[in-house]
Amino acid sequence: MRPAARSPDKVVHVGRPASPGLVLGPVIIDQARTGPRRVAGDPATERAALEAALDEAMTALGELIAAHTGEAADMLEFQLALATDETLSEPAFAAIAAGAAADVAWTDAVDALIADYQTAEEEYFRARAADLADLRDRVLARLRGDAEVSAVLPEAAILVADDITPSRFLSTDWTGRGIALAAGSATSHVAMLARARGVPMAIGLGPVDTTDGDLALLDGEAGRLVVRPDPGERAAFADARGALERRRVAVAAAARRPALTASGERVQVMINVADPAELDGIDPAICDGIGLARTELMFHAGAGLPDEAAQLAAYRRLLAWAAGRPVVVRTLDAGGDKPIPGYTVDNEPNSFLGMRGVRLSLRHPEVFRVQLRALLRAATDGDIRIMVPMVAIPGEMQRVRGLLAEAAAALGREQIPHRVPPLGMMVEVPAAALALEHFDTDFVSIGSNDLIQYVMAASRDAPGLGDLTDPTAPAVLKLIAMTVATAEARAIPISLCGDAGGDPAVVPALLAAGLRCLSVAPSAVGAVKQAIVGWEPAR
Amino acid sequence: MTAPCTASVLLFHEVGLHARPSVKLTKLAKRFASQIEVAPAPDGPWIDAKSIVKVMAVKAPKDTVLHFRATGEDADRALAALVRLVETDFADEAV
């Protein structure tokens with residue numbers, strides 16, 4: 001007979017995916033982190049305690065906001081706004097006046113609001129309950145004299161909890177670790193943070209049958225947690241993780257190398273950027289420059305259209321990052337699916353065929369002139385190139401060139417340093433692709449998204465037309481090949497900067513059409529270079 | 001007592017008046033001395049535009065016309081600023 005003690009069997013919990021990735025390691029069950037209840041003092045003492053706890057929480061949130069950006073900062077700002085809102089704290093102070101302890105009064109007040117959020121119809125609002133719970137616990141920890149949580153988890157640990165708060169997430173080093181939640185929401189701030197930082201996470205697993213230290217497998221992509229996996233499962237898991245890791249390493253390595261085809265031809269890979277802030281985490285060495293800098297975002301910024309100084313600062317930031325590499329700045333491409341209140345035409349029927357891109361710029365020369373002046377001035381700092389969107393007839397390029405010359409002359413009269421950089425156009429209207437030889441342009445970039453929708457007469461945002469908005473449709477590839485041939489015959493540099501270039505599956509067709517320069521989303525650089533390396537034309 | 005100033009603007013933010021826009025709206029409202037209220041319809045319910053709890057409770061979806069009314073010395077400026085904020089899709093002020 002075997003001894004009584006035996007290892008419990010494996011248990012598979014299937015929930016929902018929240019952030020992809022794989023972890024094999026010991027389970028750590030999240031501990032409740034609030035201390036013992038307060039012993040209530042007199043109302044004045046309790047009131048002062050809650051006021052002090054709220055103040056401290058606000059100061060701590062302010063410091064955290066300064067240290068974070070993006071999603072995390074937004075979430076913390078929301079908590080800070082809640083903490084400063086008397087509508088939230090007023091009921092707590094009323095309860096204290098009636099004799100309640102500060103911790104109980106505060107918990108009741110916030111829990112009432114949490115209950116409200118939890119019954120909301122939209123998942124988005126239900127998910128905000130976790131942010132409120134986070135604020136509740138943050139204040140409670142101070143009222144009950146707890147220390148700040150700063151958990152250090154064992155290597156490859158899988159944290160198991162009902163749900164975790166954003167504060168808990170932000171105070172932990174998750175490198176190589178994962179999160180398994182009984183409840184949780186894929187739209188919670190924690191889920192968004194986990195995806196942004198590559199922390200594997202599964203949610204909705206239900207009550208997890210485990211104890212601290214149990215070995216478990218977490219698959220964030222399948223939304224699955226296997227506690228006490230059997231050897232077969234472990235082997236399969238190790239294979240999957242090995243393959244994932246090899247793929248990740250290969251993509252990262254490919255991003256750092258020049259992309260050479262089988263015949264040794266070098267293909268340039270540049271990046272598309274919408275906001276200079278995106279560049280902070282990107283190594284310039286992975287690309288040949290910025291092939292498309294969108295400027296629309298700036299024009300959505302706060303007080304009116306951005307002035308010359310603000311634009312100049314943004315362009316200089318791009319050039320500083322590029323460190324000598326080319327930076328192609330696209331002039332304002334508003335209209336179509338990108339409205340700007342007060343600038344684009346309201347409720348335009350058929351807006352994709354309407355007043356957009358260069359058509360709008362020529363209609364608002366006073367706005368366009370400011371952008372051209374800023375670009376002319378930035379050109380003294382580096383290799384900036386100006387690219388005009390939505391060009392359909394040669395006259396549009398002539399008018400832009402005229403305005404550029406006028407702006408340069410004005411800067412000259414004002415004795416402001418400037419340089420006239422190359423002026424190019426996007427080819428995204430079939431009329432431009434078909435008659436490219438007639439356009440006065442220094443370079444060309446194919447905007448595949450628009451070109452496809454205009455060639456196929458299929459709006460890119462219409463549901464159900466995915467089969468038609470296909471970059472490898474014969475007509476699209478033929479038009480691209482034609483455009484490349486015309487540009488080459490005129491010795492004009494040509495690239496492609498649409499989504500098609502960022503899709504590794506489409507890259508071979510683009511290379512076959514003759515393209516040797518692609519501009520893609522920064523995250524796609526590695527995979528695109530992999531698709532280029534060793535490519536050879538079909539015989 | 002003077003009659004309140006009023007203004008309205010279309011909310012076109014994709015997910016409606018959720019956390020981030022609400023934070024920006026209440027922060028901006030608090031910069032003004034006037035009493036400021038917001039409503040998802042011309043006849044109310046009117047709620048305090050300086051309270052994030054109350055503004056979030058409106059749960060205004062995309063394509064709601066937001067109505068503002070303000071009473072006080074800087075009412076005009078407050079409404080202009082709030083309308084601008086919604087019009088610019090709650091954009092960040094920095095480049």
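Modeller: What follows starts at the interface and then moves into each chain.

Keep in mind that this is a predicted model.

Start with the contact itself. On one side, 22 residues of chain B take part, and they touch 25 residues of chain A. Together the two chains bury about 2000 Å². Of that area, 67% is on carbon and sulfur atoms.

Charged and polar pairs are there too. The rule finds two salt bridges across the interface of chain B and chain A. One salt bridge joins A:D74 and B:R20, with 3.5 Å between the closest N and O atoms. Five residue pairs are in polar contact across the interface of chain B and chain A, with both residues at pLDDT 80 or more.

Which elements of chain B give two or more residues to the side that touches chain A? They are α1 (19–30), α2 (52–58) and α3 (75–87) of chain B. The largest share, five residues, comes from α1(B). By residue class, the side of chain B that touches chain A has 10 nonpolar, nine charged and three polar residues.

Now chain B as a whole. Chain B has three helices and four strands. Along the sequence they follow the pattern β-α-β-β-α-β-α. Chain B has 95 residues, and 48% of them count as buried. Take the contacts in chain B with a separation of 6 or more: residues 24 or more positions apart account for 73% of them.

Next, chain A. Here there are 18 helices and 17 strands. Of its 539 residues, 50% count as buried. In chain A, residues 24 or more positions apart make up 66% of the contacts with a separation of 6 or more.

The largest nonpolar core holds 92 residues. Within this core, A:I290, A:M425, A:I480, A:L510 and A:L515 touch the most other members. Leaving aside neighbours within four places in sequence, A:I480 is in contact with A:I446, A:L451, A:L496, A:L510, A:A513 and A:L515. Another core, of 59 residues, lies apart from the largest one. Its members include A:A18, A:A57, A:V110 and A:W174.

A:R136 lies in helix α6 (residues 129–143) of chain A. Is A:R136 buried or exposed? Its relative accessible area is 18%, so A:R136 counts as buried, the cut-off being under 20%. The side chain of A:R136 also makes a polar contact of 3.1 Å with the side chain of A:D137.

Last, the salt bridges. Over all chains, the structure holds 28 salt bridges. A:D103 and A:R144 form one of them, the closest N and O atoms being 3.1 Å apart. This pair links distant parts of the chain, 41 residues apart. A:D103 is in helix α4 (residues 102–118) of chain A, while A:R144 is in the loop between α6 and β4 (158–161) of chain A. Both A:D103 and A:R144 are buried.

With A:E296, the side chain of A:R330 forms a salt bridge of 3.2 Å, N to O. That pair also links distant parts of the chain, 34 residues apart. A:R330 sits in strand β12 (residues 327–330) of chain A, and A:E296 in the loop between β11 (290–293) and α10 (308–322) of chain A. The side chains of A:R330 and A:D333 meet in a salt bridge as well, at 3.5 Å, N to O.

Elsewhere, salt bridges that share partners join A:K10, A:R224, A:D230 and A:E233 into one network.

How values were computed: Residues are numbered from 1 along each chain as its sequence is written. Chains are lettered from A and ligands numbered from 1 in the order in which they are written. This is a predicted model: local features need pLDDT of at least 70, side-chain atom pairs count only at pLDDT 80 or more; totals for chains, interfaces and linings use all residues. Side-chain values use heavy atoms; hydrogens and water are left out. Contact means heavy atoms within 4.5 Å. Buried area is the accessible area (1.4 Å probe) that two parts lose on being put together, summed over both. A salt bridge is a side-chain nitrogen of Lys or Arg within 4 Å of a carboxyl oxygen of Asp or Glu. A polar contact is a pair of N or O atoms within 3.5 Å; within protein, one must be able to donate a hydrogen and the other to accept it, and residues adjacent in sequence count only if both atoms are side-chain atoms. Ala, Val, Leu, Ile, Met, Phe, Trp, Tyr, Cys and Pro count as nonpolar, Asp, Glu, Lys and Arg as charged, and the others, Gly among them, as polar. Buried means under 20% relative accessible area, exposed over 50%, partly exposed in between (1.4 Å probe, protein chains only). A nonpolar core is a set of buried Ala, Val, Leu, Ile, Met, Phe, Trp, Tyr and Cys residues joined through side-chain atoms within 4.5 Å.
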